[in-house]
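User: I would like to learn how to read structural features with care, taking the general idea and then the case at hand.

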Amino acid sequence: MSHVKAGGSSKNVHNNAGRRLGVKVFGGQKVKSGAVIVRQVGATKIAGPGTYVSRNFTIHAGRDGVVKFVKRKVRTFTGKIVWRTQVCVE
């Protein structure tokens with residue numbers, strides 16, 4: 001038999017760094033080709049002209065120019081229409 005009472009599992013042991021998500025370049029700012037504009041989880045913002053989406057939903061500039069954010073209506077997989085912000089490079 002054990003000579004110590006059963007100890008519970010520790011609860012507050014996870015200490016992960018933040019993921020540094022969000023908008024990196026704001027509207028009206030200049031950007032070079034390939035630069036990160038938005039880091040996100042899922043498609044909360046959609047890529048417009050002059051941009052492309054990488055594997056983890058990060059939006060990059062496809063060409064040199066000025067960043068612009070525009071509100072658009074988008075149809076989801078289920079058919080629901082929702083507002084999304086479209087990121088463009090002009």
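User: Let me start with accessibility: is Lys68 buried, partly exposed or exposed?

Analyst: A residue is called buried under 20% relative accessible area, exposed over 50%, and partly exposed in between, with a 1.4 Å probe and protein chains only. Lys68 has a relative accessibility of 37% and therefore counts as partly exposed. Please keep in mind that this is a predicted model, in which local features need pLDDT of at least 70 and side-chain atom pairs count only at pLDDT 80 or more, whereas totals for chains, interfaces and linings use all residues. Residues are numbered from 1 along each chain as its sequence is written, and side-chain values use heavy atoms, with hydrogens and water left out.

User: With which residue does Lys68 form a salt bridge?

Analyst: A salt bridge here requires a side-chain nitrogen of Lys or Arg within 4 Å of a carboxyl oxygen of Asp or Glu. Lys68 meets this rule with Glu90, where the closest N and O atoms are 3.5 Å apart. The two residues are 22 positions apart and link distant parts of the chain, since Lys68 belongs to strand β7 and Glu90 to the segment after β8. Glu90 has a relative accessible area of 55% and so is exposed. The count of salt bridges by this rule comes to one.

User: How many strands and helices does the protein have?

Analyst: Helices (H or I, at least four residues) and strands (E, at least two) are DSSP runs, numbered from the N terminus. The protein has eight strands and zero helices.

User: What is the order of strands in the sheet with mixed pairing?

Analyst: Two strands are taken to pair if DSSP finds at least two bridges between them. The open sheet with mixed pairing has four strands in the order β2-β7-β8-β4. Its edges are β2 (30–31) and β4, each of which has a single partner strand, so one side of each is left without a neighbour in the sheet. Reading across from β2, two bridges join it to β7 in the antiparallel sense, and Val31 faces Gly65 in β7. Strand β7 (residues 65–75) then pairs with β8 in the antiparallel sense over nine bridges, where Lys73 has Trp83 as its bridge partner. Between β8 (residues 81–89) and β4 (residues 45–47) the sense is parallel, with three bridges, and Ala47 lies opposite Val87. In the hairpin of β7 and β8, five residues separate the strands, and Gly79 among the hairpin residues has a positive phi near 100 degrees.

User: What is the strand order of the open sheet with antiparallel pairing?

Analyst: That four-stranded open sheet has the order β1-β3-β6-β5, with β1 (22–23) and β5 (51–53) as edge strands that pair on one side only. Strands β1 and β3 run antiparallel and are joined by two bridges, and in β3 the partner of Val23 is Val38.

User: Which residues make up the largest nonpolar core?

Analyst: In soluble globular proteins, nonpolar side chains tend to be buried together. A nonpolar core is a set of buried Ala, Val, Leu, Ile, Met, Phe, Trp, Tyr and Cys residues joined through side-chain atoms within 4.5 Å. The largest one holds nine residues, namely Val25, Val31, Ile37, Val38, Ile59, Ala61, Val67, Val87 and Val89. Two or more of these residues come from each of β3 (36–39), β6 (59–61) and β8. If a contact means heavy atoms within 4.5 Å, then the residues that Val38 touches, leaving aside those up to four places away in sequence, include Phe57, Ile59, Phe69 and Val87.

User: Where does Phe57 lie, and what is its phi?

Analyst: Most residues other than glycine have a negative phi. Phe57, in the loop between β5 and β6, has a positive phi of about 70 degrees although it is not a glycine. Its relative accessible area is 38%, so Phe57 is partly exposed. Arg20, in the segment before β1, also has a positive phi, near 55 degrees, and its relative accessibility of 56% makes it exposed.

User: What is the radius of gyration of the protein?

Analyst: The radius is taken over C-alpha atoms, and the globule rule is 2.2 Å times the number of residues to the power 0.38. The protein has 21 Å, whereas a compact globule of 90 residues would be near 12 Å. Along the principal axes, the C-alpha atoms fill a box of roughly 75 × 35 × 20 Å, and 23% of the 90 residues are buried.
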